Amino acid sequence: MFQFTTLAALVSLAASVAAAPAASDCTGTISSLDDVSAAVKCTTVVINSFTVPAGETFNLDLAQGTTVTMNGDVTFGNKTWEGPLFQVSGKDITFNGNGHTFNGNGPFYWDGQGGNGGITKPAPMMKIKISGTYTNVKVLNSPARVYSVSNPAALTMSQLTIDDSLGDQPNSKSGGKAAGHNTDGFDCSTTNLVIQDSTIMNQDDCLAINKGSNITFQRNTCSGGHGISVGSISSDATVSNIQILNNKVINNDQALRIKTKADATDASVSGVTYSGNTGTGLRMFGVLIDQSYPDTLGTPGNGVQVSGINFVGTTNTLTVNSGAQRAAVNCGVGSCTGTWDWSALKISGGSAGKIVNFSGIKNFSQ
């Protein structure tokens, strides 16, 4: 009986495997959305230049091990909807943009309000749900947030360009403010992610880590926005083992920030290392660690435990503007813990900020 049962199980398994659709060793070419369903059956996918119709998502659900190459630019039609405009998913994917562009036509949406009001904007513009590599892609004029990253296994994103610099200028709908708003570069809630060698020009966080672990952000240039952020941290979120290395932050509100929500509970941030970063033209702060979000230096909550925030290795060198604060730390009572080594942090310009409810910062003075 055992042998018969085992044989029957094997026959059943073989039949199910045979029935499962398998990716083909072929090349699928995409020149319109009509081509997508056939193309993703191949393990080589080529994207030509085309326009995605308004209100539709360019969605690639790829077979494991697929290589994607862009041979042209992709432009998205205009419609007030939630998006996303592009989504890619799959495991062990090699995605090479060859320097080509995803154009979100941001000026159609920009009204100075981003996700806080005004017309509905596709956000995020780009959902990345792959493991493997994603490289040499340009995003131009995102309607609001650019990348949402939730990789299923290790992913390296490199040599990317986000250019929302046009949004620095006001338009007829923005009331004299910058027209682009909430144009975060990378929103990450994930593990085992490297983002490197990229340029981000925007009006909000260059990087925002909302939860996750084993994330490295290195050798990137952030221009015009709100700097490199851990947070905002909500209830039940855990962030650990974050490496912020050798980045350049230019003309941002602050260079390096950790922001936790005042009402958050049962959350933690630990093991964040800053090394070799530079910042110039910083408008408000050099370093800001604030547990009062969404306020700035308001009444801090104490439901997020923060520990192991270190500036070590190669010196982090920041220069703030005359009206800015060099470093401000606003902890809840008892929620910032341990000893933090800030020996590799040098900040010039502006004035000293306050350190509230914490005495564990060592090897640093302002």
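**The disulfides**

The S-S bond of Cys 26 and Cys 42 has a torsion of about -95 degrees, so this disulfide (a pair of cysteine sulfur atoms within 2.5 Å) is left-handed. Cys 26 lies in strand S1 (residues 24-30) and Cys 42 in strand S2 (residues 42-47), so the pair ties together parts 16 residues apart in sequence; strands are DSSP runs of E, at least two residues, numbered from the N terminus. The model is a predicted one, in which local features need pLDDT of at least 70, side-chain atom pairs count only at pLDDT 80 or more, and totals for chains, interfaces and linings use all residues. Residues are numbered from 1 along each chain as its sequence is written, and side-chain values use heavy atoms, leaving out hydrogens and water. The predictor's confidence in each residue, pLDDT, runs from 0 to 100, and the chain averages 94.

Cys 26 is partly exposed, with a relative accessible area of 27%, whereas Cys 42 is buried at 7%. Buried means under 20%, exposed over 50%, and partly exposed in between, with a 1.4 Å probe and protein chains only.

In total the structure holds 3 disulfides. Cys 206 and Cys 222 form another, with sulfur atoms 2.1 Å apart. This pair links distant parts of the chain, from the loop between strand S15 (199-201) and strand S16 (207-218) to strand S17. Both Cys 206 and Cys 222 are buried.

Cys 331 and Cys 336 are also bonded, their sulfur atoms 2.0 Å apart. That link is left-handed, with -90 degrees about the S-S bond. Cys 188 is in no disulfide, and the nearest cysteine sulfur, that of Cys 206, is 10 Å away.

Key
Helix = DSSP H or I, 4+ residues; strand = E, 2+ residues; numbered from the N terminus.
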